[in-house]
Amino acid sequence: MEDRLIYFDNNDTTPLLDPVVTAMLPFFTKAFGNPASLHQLGLEAEEAVNEARATISGLIGAKPEELIFTGSATEANNLAILGAAANASSKRRHLITSKIEHNAVINPIKRLEKDGFRVTWLDVDPEGFVNSEDLKKAITPETFLVSIVHGNHEIGTVQDIKALGMICREAGVLFHTDAAQSFSKVPLNVTNDLVDLASFNAHKLHGPKGIGALYVRGGVHLKKIMEGAPQEFNMRPGTENVPGIIGFAAAAKLAFETLSRDSAHMSAVRDHLIEQLLQIPHTRLNGPRGNRRLPTNADITFKYIEGEAILMHLSMRGVAVSSGSACSSKNLTPSNVLTSIGLKHEDAHGSIRFSFSKLNTIEETDIAAKKVIEVVELLRSMTAFVPEKHSETEGSGEVFYKKKKEEL
Amino acid sequence: MLYSPQYMRHFQTPANIGDLEEADAVEDVHYTGQGCFDRIRIFAKVDDGKIGKVTYRVRGCSGTIAACSAMSELAVGLPLEQAVQIQGEDVATELGGVPDRKRHSVDLAAEALRTIALKLTK
């Protein structure tokens, strides 16, 4: 392992910034009160939580009472989807989502499907975009909810949320978006963008893990999915994670202060790396280019080799990335996102996600690109499947094998 | 689970990788379960009824590369009748154990050796 880690896995999680830690620290030891307590310590904690709620809601164009703190964006997604389903009338048992959602959306919806709800899984185009006309056609009088991710966690596609929101608003259908990756990276104003429900978290923007939030537009009714005391407007029981909430607000405030500058910087870092890596033969960029892509994300397929092996070699060379390879997961299932945009399973296995924060630099991309080139060459030298190596056409390794066996 | 030093050594510097011009047999195996596309081409040479040398080419994850390397060392000197009995667990032991998510790797490397040993016994 080299001394200086190049951390290109910021779509997974980010390091806390010092001012965030500083803001949180008093709430562990001194101002440790429970916001539900009626003594001074409790009232101070309640006040701090309310200030944080006002800060974050203000950044997304919401009112403070429209923001419910949760333990994660996953929990926020569950509350939005399962809570909306539980509140839907018996005549509205249909919901719509896309095929490139995060598991935190897919799995609650699959649970509803098992329970008898009808689900439309919308296809996406080769860049990962949901087609507005497809959404319009899918909505029926039975539809109660549409859930479409804002910024995709693997290929960075940023949906036109306002266009989708408008279709849902006109149809009288609730519209939820998972904004875990896009929050503070690309603009989102829940009021202007006609969003009814939106999920967020802190740890993708240099805030702490274990804290998220759900925006619930005023007038939208959900049924809570956990029972307990009446915290969070009686929608999410459990003593509030006060240090987490304070850290969330501090991180969000910092991120929004420099959003434009940081987005431009991350986009430059992203594009610099993409251009270098696409010089390697047999590579492709997954997802769109430019401002329709999260500034934090570059996802590249390196054909004929396995993503997990690339990841491991890069890790040993001091570069942290993630992979769409099934061999990265216990059950060996390939990424639903990559196969949904048309990648062959075999190519999905050779995909690497490089993801950035404002802390990354152009210099780091130069160093990382050299290491990626070295690793790709090494792994391709081990396989019998690279076309020019054996004058075979792409994907015909089996043919080569048979020919060679016959020769032998 | 962190990977063992043996696993990391075999992955970083795999032994016996490449073609084997003097091979008596060559076989291909690939993972047939859901999802994974790992593939191995195995070459073997026999000396006096025993495996004399094994080489391979591999497209696979770290586990499959490491498992091929360990298998290629494990195989040398084995009588063919023993080589056809090799199991994934034998390869896993050479690697100092593997996590569940790499079970497919040791199973595939063992299958490669069994397949070529069986061919050589015919």
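## Largest pocket

The largest pocket holds about 1,200 Å³ of space. A pocket here is an open set of points on a 1 Å grid over the protein atoms alone, with protein on both sides within 12 Å along at least five of seven lines; lining residues have an atom within 4 Å of a point. Points are joined across faces, edges and corners, and a volume is the space filled by probe spheres set on them. The lining has 50 residues, and the closest to the pocket centre are His102(A), Asn103(A), His153(A), Glu154(A) and Asn336(A).

Several elements of chain A give two or more residues to this lining: helices H4 (73-87), H5 (103-114), H11 (307-316) and H12 (336-340), and strand E12 (322-323). Helices (H or I, at least four residues) and strands (E, at least two) are DSSP runs, numbered from the N terminus. H5(A) supplies the largest share, five residues. By type, the pocket lining divides into twelve nonpolar, 27 polar and eleven charged residues. Nonpolar covers Ala, Val, Leu, Ile, Met, Phe, Trp, Tyr, Cys and Pro; charged covers Asp, Glu, Lys and Arg; the others, Gly among them, count as polar.

## Basis of the model

The model is predicted: local features need pLDDT of at least 70, side-chain atom pairs count only at pLDDT 80 or more, and totals for chains, interfaces and linings use all residues. Residues are numbered from 1 along each chain as its sequence is written, chains are lettered from A and ligands numbered from 1 in the order in which they are written, and side-chain values use heavy atoms, with hydrogens and water left out.

## Cavities

The whole structure has five cavities of 30 Å³ or more. A cavity is a set of points where a 1.4 Å probe fits but cannot get out. The largest cavity contains about 130 Å³ of space. Its lining has 16 residues, and Ser184(A), Lys185(A), His206(A), Met266(A) and Lys358(A) are the closest to its centre. Helix H10 (residues 259-277) of chain A gives the largest share of the lining, four residues. Five lining residues are nonpolar, seven polar and four charged.

Ser184(A) sits in the loop between strands E6 (174-178) and E7 (197-201) of chain A. Its phi is near 75°, a positive value in a residue other than glycine. Ser184(A) counts as buried, at 6% relative accessibility. Buried means under 20% relative accessible area, exposed over 50%, and partly exposed in between (1.4 Å probe, protein chains only).

## Nonpolar cores

A nonpolar core is a set of buried Ala, Val, Leu, Ile, Met, Phe, Trp, Tyr and Cys residues joined through side-chain atoms within 4.5 Å. The largest has 67 residues, of which Phe302(A) and Phe354(A) touch the most other members. Helix H5 (residues 103-121) of chain B gives this core its largest share, nine residues. A second, separate core has 56 residues, including Val20(A) and Phe175(A).

## Individual residues

Thr13(A) lies in the loop between strand E1 (6-7) and helix H1 (18-24) of chain A. Thr13(A) is buried, at 16% relative accessibility. Its side chain makes a polar contact of 3.2 Å with that of Lys209(A). Such a contact is a pair of N or O atoms within 3.5 Å; within protein, one must be able to donate a hydrogen and the other to accept it, and residues adjacent in sequence count only if both atoms are side-chain atoms.

Asn234(A) belongs to helix H8 (residues 231-234) of chain A. Its phi is near 60°, again positive in a residue other than glycine. Asn234(A) is partly exposed, with a relative accessible area of 37%.
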